[in-house]
Amino acid sequence: MESQDKYWNTVVYQKRFGHPLIMAEIQKHVGPRCRVLDYGCGYGRSLRELHEAGFANLYGIDYSAGMIARAARENPLARYARNSGSVIPFTDGSFDAVLLLAVLTCIPNSDEQARLFSELHRVLNEGGILYVSDLLINHDERNRERYKRFDPTHDCYGVFELEEGVTLRHHTVEHLERLAASFRTISRQEFLVETMNGHESRAIRMILQKQPHGLQSL
């Protein structure tokens, strides 16, 4: 993640993030007074949507110092912190819900993704909700070509590099299910989304729940 920090700081005002947050899905499980963390909050777009929907206890963290600065300036409706990329700077059980919107695509390494899920599990309270939405492997010629081209470099089909200086990843459903193995899956839905560069991509939305302590080993 550290190697890509410069890229995200450079494009703070150049990229528009449009990965959808389905508010009705959040409101099914999370009340307006609950503590909600947007992990990889960018410039605060989703936090503003949550605020407008009546959520009051909002937190945002991002690895990019530039994104956090913009978020705090334009959307001062949440409390922000810069994330180190390894340990989430909050204590165990701090949150009732965490959002993870198009974040895994920016973390191409599987081990780093697994460490992130472990940290998300830690900062959620028992019964807490993890809302994951991210990009899936596509089967069109443009994507197949770049997956194949960069597979030898990254040893992972679905990882690719953009000329503008960032490495991204599209995922299989099976890989995401493995990451989420310590959570209970409440719902899962596949859909189409527009990427930050204006292309159409397959995507998935998963509503996960941290199991009460006594049920985690069942």
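1. In this predicted model, E49 and R45 form a salt bridge, with 3.5 Å between the closest N and O atoms. Both residues belong to helix α3 (residues 45-52) and are 4 residues apart, about one turn of the helix. E49 is partly exposed, since its relative accessible area is 26%.

2. E74 has 34% and is partly exposed.

3. A further salt bridge joins the side chains of R202 and E190, at 3.0 Å from N to O. This pair links distant parts of the chain: R202 is in strand β9 and E190 in strand β8, 12 residues apart. R202 counts as partly exposed at 24% relative accessibility, and E190 counts as partly exposed at 42%. The search of the whole structure finds 9 salt bridges.

4. Strands β8 and β9 also belong to an open sheet of 7 strands, ordered β3-β2-β1-β4-β5-β9-β8, in which the pairing is mixed. Which strands stand at the edges? They are β3 (79-82) and β8 (183-194); each has a single partner strand, so one side of each lacks a neighbour in the sheet. On average, neighbouring strands of this sheet are turned by 15° against each other, direction ignored.

5. Within the sheet, β4 (residues 95-101) and β5 (residues 124-135) run parallel and are joined by 6 bridges. L101 stands opposite S133 in β5. Strands of a sheet pair through backbone hydrogen bonds, in either a parallel or an antiparallel way.

6. Helix α4 (residues 65-74) touches β2 (57-62) and β3, and its direction makes about 170° with that of β3. Helix α5 (residues 110-123) touches β1 (35-39), β4, β5, β8 and β9 (200-210), and its direction makes about 145° with that of β5.

7. An antiparallel pair is formed by β6 (residues 159-162) and β7 (residues 166-169), over 4 bridges. V159 stands opposite R169 in β7. The hairpin of these strands has 3 residues between them, and G165 takes a positive phi near 110°.

Technical notes:
Residues are numbered from 1 along each chain as its sequence is written. This is a predicted model: local features need pLDDT of at least 70, side-chain atom pairs count only at pLDDT 80 or more; totals for chains, interfaces and linings use all residues. Side-chain values use heavy atoms; hydrogens and water are left out. Two strands pair if DSSP finds at least two bridges between them. Helices (H or I, at least four residues) and strands (E, at least two) are DSSP runs, numbered from the N terminus. Axes are lines fitted to C-alpha atoms, for helices over the stretch in contact, and angles run from 0 to 180 degrees between N-to-C directions. Contact means heavy atoms within 4.5 Å. A salt bridge is a side-chain nitrogen of Lys or Arg within 4 Å of a carboxyl oxygen of Asp or Glu. Buried means under 20% relative accessible area, exposed over 50%, partly exposed in between (1.4 Å probe, protein chains only).
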